[in-house]
Amino acid sequence: MPACAVHGIAFCPLAGAHGYMAAARSDGSLALYQTDDARPLRTWQGFTSAALLQVVWSAVRPCVLWLLDADACPTKWEPLLRIREAAA
């Protein structure tokens, strides 16, 4: 996968010292990382054709991320749901 810029990051509020970080990237993809590893655990694409500018981890539902793209379109994203769908 070619390199792309990161426009926003968010840390999981409940994960502790060895937690998770989500990165909103310029190619419109979202990447999930463990905070102690530079390689993404998972990358998702297809939300938008615009760059993702911001990612916010929900404070009340830690399995939900809110994304904002360059077209000012907000998206609710549930990574655990997507992982389960991919495994089925």
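Ile9 sits in strand E1, and together with Val6 and Phe11 it makes a nonpolar surface patch of about 280 Å². For a patch, residues need over 30% relative accessible area and no salt bridge, with nonpolar side chains (Val, Leu, Ile, Met, Phe, Trp, Tyr) joined within 5 Å and like charges within 9 Å.

Keep in mind that this is a predicted model, where local features need pLDDT of at least 70 and side-chain atom pairs pLDDT 80 or more, while totals for chains, interfaces and linings use all residues. Residues are numbered from 1 along each chain as its sequence is written, and side-chain values use heavy atoms, leaving out hydrogens and water.

## The overall layout

Of its 88 residues, 34% count as buried. The accessible surface is about 5,300 Å², with 58% of that belonging to carbon and sulfur atoms; areas come from the Shrake-Rupley method with a 1.4 Å probe.

## The four-stranded sheet

Four strands line up as E1-E2-E3-E4 in an open, antiparallel sheet, where pairing takes at least two DSSP bridges between two strands. Strands E1 (6–11) and E4 (42–44) are the edges, each pairing on one side only.

## Salt bridges

There are three salt bridges, counted when a side-chain nitrogen of Lys or Arg lies within 4 Å of a carboxyl oxygen of Asp or Glu. One of them links Asp37 and Arg39, with the closest N and O atoms 3.0 Å apart. Asp37 is partly exposed at 25%, whereas Arg39 is exposed at 60%.

Arg61, Lys76 and Glu78 form a network. Glu78 reaches Arg61 at 3.3 Å between the closest N and O atoms. Glu78 is in the loop between strand E7 (74–77) and helix H1 (79–87), and Arg61 is in the loop between strands E5 (52–57) and E6 (65–69), so the pair ties together parts 17 residues apart in sequence. Glu78 also pairs with Lys76, at 3.7 Å. Glu78 is partly exposed at 22%, as are Arg61 at 37% and Lys76 at 38%.

Conventions. Helices (H or I, at least four residues) and strands (E, at least two) are DSSP runs, numbered from the N terminus. Buried means under 20% relative accessible area, exposed over 50%, partly exposed in between (1.4 Å probe, protein chains only).
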